[in-house]
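Have the model open as you read.

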Amino acid sequence: MTLRLPRTIRLDPSDTLVFTHAAEPGEWAVTGSFLFLDADPAALQGKERAAFRAGFAGVASLGFSTLVVVSEATQDERDAAVETLTAGIHERLGAPDRDAARAAAREEIDFAASLCDHPVGTLIALQRTLEDGQVRERFRTLRARDASAPGADRLHAQTRPFLVIESDEEEPQESVDLLGLMETKR
């Protein structure tokens, strides 16, 4: 069985501007909601609010990333991610002991892996909200648009990879042209 875990990805420098501490590209990632356990989400402002609303946490840095990408992982890489997150939870966040930190890290890695039941290379975005006093997470997948879809311009689809956003929520499907967005910023 192939293991899959999310990795942080940086398509442009915006994460370094939006978040106080951006994750490094290529880190294993978890949702990171535990980083807001002691915070009042309604009182968050600026970069902290942006991290709460849409930030995955890099396992090594505990920095934030707007997107993650479904990636293959070995059992050794998964085990190392658990140990790295264990250290962060224990040393930086003050877990009472390594065993408690390891249990929390395993739970976070297991949940992150459960988000990766998509093809390798699929991008995942997170929307975190506070509803009725509870933190709610919603996830959207972004995948390359099928160039053979009716109405798709094959040359255009090959040179400008459009992405289709899928969600479990009952909302209209959206399309995003990431390369087009990056070109307009240049």
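Which residue lies over the face of Trp 28? That's Arg 7, at 3.6 Å from the ring centre. A charge counts as over a ring if NZ of Lys or CZ of Arg is within 6 Å of the ring centre and within 35 degrees of the ring normal. Arg 128 lies over the face of Phe 52 too, at 5.8 Å from the ring centre.

A word on ground rules: this is a predicted model, with local features needing pLDDT of at least 70 and side-chain atom pairs pLDDT 80 or more, while totals for chains, interfaces and linings use all residues. Numbering runs from 1 along each chain as its sequence is written, and side-chain values use heavy atoms, leaving out hydrogens and water.

Phe 52 also belongs to a cluster with Phe 19, Phe 36 and Phe 64, linked by ring pairs (Phe, Tyr or Trp rings, the six-membered one for Trp, with centres within 6.5 Å; planes under 30 degrees apart are stacked, over 60 edge-to-face, the rest tilted).

Now find Thr 8, which is buried at 3% relative accessibility (buried is under 20% relative accessible area, exposed over 50%, partly exposed in between, with a 1.4 Å probe and protein chains only). Its side chain reaches the backbone oxygen of Glu 24 at 2.6 Å.

On to the largest nonpolar core: buried Ala, Val, Leu, Ile, Met, Phe, Trp, Tyr and Cys residues joined through side-chain atoms within 4.5 Å. It has 19 residues, and Val 30, Val 59, Leu 85, Ile 89 and Ile 109 touch the most other members.

Key: Polar contact = N/O pair within 3.5 Å; in protein donor to acceptor, adjacent residues only side chain to side chain.
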